[in-house]
Amino acid sequence: VCYNRKVFALLAESMPVKTVLNELEQAGLVKVKVRVGENLGVENERIVTDIPANLLKLDFAEPAVLLVENKAYADNLAVIDDAEYVQGKSPLPRQSVRRLALAELKVRTDDVIAAIGAGGGAACIEAARMACRGRVFALEEDQTTISVIKQNIAKFVAYNLAVIPKAPLAGVQTLPKTDTAFINGAVPNLADTLQQLNANNPAGK
């Protein structure tokens, strides 16, 4: 949804409408327009259009269909210049360095990525765009830096990027199975953190 103007979904009974609406809310996609269709083609057919928060107040027959429209979608193929980022006290890796590092990781569109020591979030944002059907988890303790990352998430509509406000070792232990990880800057307990990443997914990069 972050990187497409419109997304249509035919939901199964195992994926209720409210589950999807909650995920949109939790991801920060609170202003998208959602059309929900239920009982299509029969007498009590209903199509309702609203933002996720308002639709969560309603009940829907399952299975249903959804059309999500995000007018503020981002072009995940567009290059972001260094000057476009909201910047805090943490220096951003240069654009050429970010792109080269992510290219070396061979990020796939559906990867789950751990960013350890997220800095200002520039590399995380670009990883999120490359993994446009996946997720990126940024591990960062500093509250000022976290605020900068969240501003960049909103600015670049990178809502498949989530910030985990924990130290690297503790944060890695909470992650789902990751396909790829990258480290930005000095990390305490680096050997233990790498060991935990390996335990998370021995085949990860």
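A: We can begin with the polar contact, which is a pair of N or O atoms within 3.5 Å, where, within protein, one must be able to donate a hydrogen and the other to accept it. Please keep in mind throughout that this is a predicted model.

Q: With which residue does the side chain of E38 make a polar contact?

A: The side chain of E38 makes a polar contact with the side chain of R46, at 2.4 Å. E38 itself lies in strand 2, and, leaving aside residues up to four places away in sequence, E38 touches N44, E45, R46, D59, F60 and A61.

Q: Does E38 count as buried or exposed?

A: Buried means under 20% relative accessible area. The relative accessibility of E38 is 7%, and therefore E38 counts as buried. A second case is N201, which lies in the segment after helix 7 (190-200); because its relative accessibility is 10%, N201 counts as buried. Not counting residues up to four places away in sequence, N201 touches K177, T178 and D179.

Q: How should I read burial along a helix, and which residues of helix 1 are buried?

A: In helix 1 the buried residues are V17, V20, L21 and L24. They cover an arc of only 100° around the axis, so they are on the same side of helix 1. Among the elements that cover the buried residues of helix 1 are strand 2, helix 2 and strand 4. Helix 1 is followed by G28, a residue with a positive phi near 95°.

Q: How many residues of helix 4 are buried?

A: Helix 4, which spans residues 122-130, is mostly covered, with eight of its nine residues buried. Those buried residues are A122, A123, C124, I125, E126, A127, A128 and R129. What covers them includes helix 3 (95-105), helix 5 (143-155), and strands 5 (112-116), 6 (135-139), 7 (161-164) and 8 (180-183).

Q: Turning to the backbone, which residues other than glycine have a positive phi?

A: N39, which is not a glycine, has a positive phi of about 55°, and its place is in the loop between strand 2 (33-38) and strand 3 (46-50). N39 counts as partly exposed because its relative accessibility is 27%. Another such residue is K106, with a positive phi near 55°, found in the loop between helix 3 and strand 5. At 59% relative accessibility, K106 therefore counts as exposed.

Q: Which residues does a cis peptide bond join?

A: The omega angle is the value to read here. A cis peptide bond joins E62 and P63, with omega about -5°, and P63 is found in the loop between helix 2 (52-55) and strand 4.

Q: Which residues lie nearest the centre of the second largest pocket?

A: Of the 13 residues that line the second largest pocket, K31, V32, N70, K71 and A72 lie nearest its centre. This pocket holds about 220 Å³ of space, and its lining residues divide into seven nonpolar, two polar and four charged.

Q: How many cavities of 30 Å³ or more does a search of the whole structure find?

A: A cavity differs from a pocket in that a probe fits inside but cannot get out. The search of the whole structure finds one cavity of 30 Å³ or more, and the volume of the largest cavity is about 30 Å³. The largest cavity is lined by G88, K89, S90, G119, G120, T144, T145 and V148, a lining with one nonpolar, six polar and one charged residues.

Conventions
Residues numbered from 1 in each chain as written. Predicted model: local features only at pLDDT ≥ 70, side-chain atom pairs only at ≥ 80, totals over all residues. Heavy atoms only, no water. Helix = DSSP H or I, 4+ residues; strand = E, 2+ residues; numbered from the N terminus. Buried < 20%, exposed > 50% of the residue type's maximum accessible area, 1.4 Å probe, protein only. Contact = heavy atoms within 4.5 Å. 1 Å grid on protein atoms, 1.4 Å probe; cavity = no way out; pocket = protein on both sides within 12 Å on 5 of 7 lines; lining within 4 Å. Points joined across faces, edges and corners; volume = space filled by probe spheres on them. Nonpolar A, V, L, I, M, F, W, Y, C, P; charged D, E, K, R; others polar. Arc of directions from axis to C-beta.
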